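Here are some comments on the model you sent. They are set out as numbered points, to be read beside the structure.

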Amino acid sequence: MNLAVWVERHGRRRPDKPALADGERMHADWRAFAARTAGAAGALRDDLGLSPGDRVAIVMRNRPEYLEALFAIWHAGLVAVPVNARLHRDEFAYVLDQSGSAVAVTDADHADDVESLVGTAASLQAVVLAPGERWDRLTAASPAPLVDRQPEDPAWLFYTSGTTGRPKGATLTHRSLLIMSLSYFADIDPVMPSDSMLHAAPLSHGSGLYGLPHVARGAVSVVPESGGVDGEEIAALLRHWPGMSFFAAPTMVKRLVGDRAIAEADLSHLKTIVYGGAPMYLADLEDALAVFGPRLAQIYGQGETPMTITALSKEDHADRNHPRWRDRMQSVGFPRTDVEVRVVDDDDGELPVGEVGEVVVRGDVVMAGYWERPEATAEALRGGWLHTGDVGSFDTDGYLTLRDRSKDLIISGGMNIYPREVEETLLRHPGVGAAAVVGRPDTEWGESVVAFVVAADGVAPPPVEDLDRTCLDHIARFKRPKDYRFVDALPTNNYGKVVKRELREQLRAEAE
Ligand code: AMP
């Protein structure tokens, strides 16, 4: 099945209802959305000479045309390569080249960078600007018939955000995205056609993926005019669009929690905030629940198994009287309906409850492989299971708690130290706003624990003795940081994830 069939169907079923919105303004109803995608699909084929299976990159900040391009690409049987719009030009070049993208759809903000790649990135032949006069012409072309797609045909090359090494293109098929969408309904939320999906996070990542179940159901996709997260704007959009859900990284949730406009907003139109992609610390989650109420759901996933490994449901968040509520809030939840999830040892043997090992996943949502990277694919999918590189353990109820990415693990004096646990502990101190814990090479211990600490808003950095005391009160002595670095901010990538690699490199450079 070709996922673009959803747009075509809603074009007939609810032609006059809003499909795409630019803030409060309707950009296209379903009739227009369907006509524009079918028109652009024909033009991609006839004017630009593309054939089913060819790749088309999208390098754009969030805007309604993003979704037009995505569904036009699918309608024509092509493969979309949504590129993180905040990457450097050389990184665009790498992704376009590696994916063999023949055409890129881009906006004025990125046109110079992308156009400069025509002729240098081996495959790139043409760049289409959207919005713009050419995009209007392409979308007004006569509608092409929907190209038939098999479930295993690639739909989206998801380039992993690269907190570790060169990005690889996880090949997501029409089947994996369909299963991802259906399991959203099974585990996160039912979606009604009267609902809205706000794209405050990048469409090239979680927000775009979780936009799909909303398109499937005929809900409206709303792109904030700022293209990002702004408390005042979200408060205004909440007045306008009912049944609103959005995807947000934990850092974005935290920013909104502290926002005055959100504190004063009428949240009756807010349905669900799906957060994930990085650890949400308990102290931050409690603050978020105080502001948003039981409207939070957590997902744990990765590009390789799009947004679908486990989830901590809204009901879990609301179940405060449960004796293990705090533990659950520090977990990433329960396996999703459509996947098997195991924790395994180094030989891929399944580990019993409580033991810590690598998280592996199997199911139809899992990627077909990394685009043109057979060795990396064989390694990641060995034995038929996706090896996530994340380390965690199950509890007796079946909730999974992540300890860390395996490479983040610190081994000091032969003892395993999971940075997340130390970070959770430091965040218990009211003077700590954010913390990242990494290992530093140490001649005596192998590695020693270093904490990078950002003071909470408006307060001076807490004395080291206080932080030590907090650690000694809650975790084993050997896990306590040997060194504290007070910084103004932690380095984050474009998706708001802390890039620990940079912290480790800084420490290594100092040592040298
Ligand atoms: P990406 O493929 O860029 O989305 O990165 C996926 C990685 O982000 C996972 O392998 C985890 O290490 C991390 N991650 C995703 N969701 C969560 C979560 N809910 N809690 C903690 N870490 C997460």
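This is a predicted model: local features need pLDDT of at least 70, side-chain atom pairs count only at pLDDT 80 or more; totals for chains, interfaces and linings use all residues.

**Notes on the ligand site and selected backbone features**

1. Strand β13 gives the largest share of the shell around the ligand, with 5 residues.

2. In total, 17 residues surround the ligand. The closest are Gln 298, Gln 302, Asp 390, Arg 405 and Lys 497. Sorted by class, the shell holds 8 polar, 6 nonpolar and 3 charged residues.

3. Which side chain has an N or O atom 2.6 Å from an oxygen atom of the ligand? That residue is Asp 390, which is also listed among the closest to the ligand. His 205 places a polar side-chain atom 3.3 Å from a ligand oxygen. For Gly 277, the atom concerned is a backbone N or O, and it lies 3.0 Å from a nitrogen atom of the ligand.

4. How much of the ligand's exposed area does the protein bury? Taken alone, the ligand exposes 500 Å², and the protein buries 91% of that.

5. Two packed helices are described by the distance between their axes and the angle between them.

6. On the α1 side, the contact is made by Trp 6, Val 7 and His 10. On the α8 side, Leu 212, Val 215 and Ala 216 take part. These contact residues divide into 5 nonpolar and 1 polar, with no charged residue.

7. A cis peptide bond runs from Ala 130 to Pro 131, with omega near -5°. Pro 131 sits in the loop between β6 (126-129) and α6 (133-139).

8. Asp 348 is not a glycine, yet it has a positive phi of about 65°. Where does Asp 348 lie? Its place is the loop between β16 (340-344) and β17 (357-362).

Terms used:
Residues are numbered from 1 along each chain as its sequence is written. Side-chain values use heavy atoms; hydrogens and water are left out. A residue is near a molecule or strand if one of its heavy atoms lies within 4 Å of it. A polar contact is a pair of N or O atoms within 3.5 Å; within protein, one must be able to donate a hydrogen and the other to accept it, and residues adjacent in sequence count only if both atoms are side-chain atoms. Accessible areas come from the Shrake-Rupley method with a 1.4 Å probe; for residues, only the protein chains shown count as cover. Helices (H or I, at least four residues) and strands (E, at least two) are DSSP runs, numbered from the N terminus. Ala, Val, Leu, Ile, Met, Phe, Trp, Tyr, Cys and Pro count as nonpolar, Asp, Glu, Lys and Arg as charged, and the others, Gly among them, as polar. Contact means heavy atoms within 4.5 Å.
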